[in-house]
Amino acid sequence: MSIPFRAITAFHAAARTGSMQQASEILGVTPSAVSQQIQIIETHIGVRLFSRKGRKSVLTEAGERYYEMIRDEVDRITAATERMRGLNSYTALNVRIAPTFATKWVMPRLDEFLELHPDIELRLDATNEPPDFARENIDLEIRHGAGPWRGLHVECLAVEPMEVLCSPDYAAAGSLRPADLEGHRLIHSVKNVVQWSDWFQHQGHPMPSQPRRVLFDRAHMSIDLAANGHGLALESCLTASAEIASGHLVRAISGASLMTQKSLWLVCPQSHLNRRKVRRFCDWLRSTLTEFAPISSS
């Protein structure tokens with residue numbers, strides 16, 4: 001017959017504190033219950049673990065040896081149990097998110113979500129690689145692309161105006177027209193839904209015959225290069241909103257027909273929407289996007 005672990009913990013608490021009374025307070029039982037559990041061990045191993053000295057119970061020599069043998073193991077089990085209790089005090093939320101949207105929109109506002117939901121441990125994975133929801137521990141994805149994707153809940157987060165942006169040191173706001181772009185350095189992300197060729201076609205104007213181009217696979221790199229005065233970027237006014245608001249980027253073109261793109265999507269299996277942590281993040285993200293009120297170029 002094995003010794004019940006509650007008997008071992010009773011002995012451990014009494015040996016550590018040197019008091020049946022203190023051990024009972026730690027364990028939430030009566031002192032007599034502690035004594036009964038210790039007696040179970042004594043009967044099992046055939047030796048006395050405590051002796052009485054007046055009103056005190058003190059470890060015998062055998063009790064001291066036994067305590068030394070089990071102390072570290074019981075301490076490790078107790079610590080592990082407390083750590084597991086701590087893990088239950090929060091909820092892990094795993095979100096895969098398009099890198100530029102993460103950098104330019106989510107990260108500057110993330111403190112608000114963390115303050116509103118201190119019980120959620122948020123784990124962000126900034127990549128454009130679509131997850132395999134059946135195999136990966138991903139609750140939700142903010143995906144960049146043309147959409148939609150079958151078999152998943154897919155929700156467009158925003159309609160993004162695509163405008164020609166530059167540093168005010170490069171060109172003043174509204175100082176250029178589509179026909180003026182010959183010879184300018186044209187910057188953009190190759191992953192944008194709207195490309196320079198689409199924009200020129202939308203304006204009814206041919207692409208420059210020999211465009212000077214700089215291509216990136218991340219829109220935030222395109223935005224940063226334009227903000228540093230190195231050319232004209234065709235980018236989303238949503239992801240470039242901070243640079244536009246600060247004056248580091250201006251809308252360079254006047255007389256252009258506005259183009260938009262739908263490239264930001266909330267994506268997950270339908271069943272994931274039943275998860276409270278997912279709904280809380282989605283509600284917060286939608287609320288941040290209500291502040292986006294783009295002013296189109298004229």
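Modeller: Two strands pair if DSSP finds at least two bridges between them; strands are DSSP runs of E with at least two residues, helices are runs of H or I with at least four, and both are numbered from the N terminus. This is a predicted model, in which local features need pLDDT of at least 70 and side-chain atom pairs count only at pLDDT 80 or more, while totals for chains, interfaces and linings use all residues. Residues are numbered from 1 along each chain as its sequence is written, and side-chain values use heavy atoms, with hydrogens and water left out.

Strand β3 runs parallel to β4, and seven bridges join the two. Within this pairing, Ala-92 is set opposite Glu-121 of β4. Six of the seven residues of β3 are buried (under 20% relative accessible area, with a 1.4 Å probe and protein chains only).

β3 (91–97) also gives two or more residues to the largest nonpolar core, as do α5 (99–116), β4 (120–126), β5 (140–144), α7 (219–227), β13 (264–268) and α9 (276–289). Such a core is a set of buried Ala, Val, Leu, Ile, Met, Phe, Trp, Tyr and Cys residues joined through side-chain atoms within 4.5 Å. Leaving out residues up to four places away in sequence, Ile-142 touches Val-95, Arg-96, Ile-97, Ala-98, Phe-101, Leu-157, Trp-265, Leu-266 and Leu-285 (contact means heavy atoms within 4.5 Å). Another core, of 19 residues, lies apart from it and includes Ala-7, Ala-15, Ala-23 and Leu-49.

Note on methods:
Buried means under 20% relative accessible area, exposed over 50%, partly exposed in between (1.4 Å probe, protein chains only).
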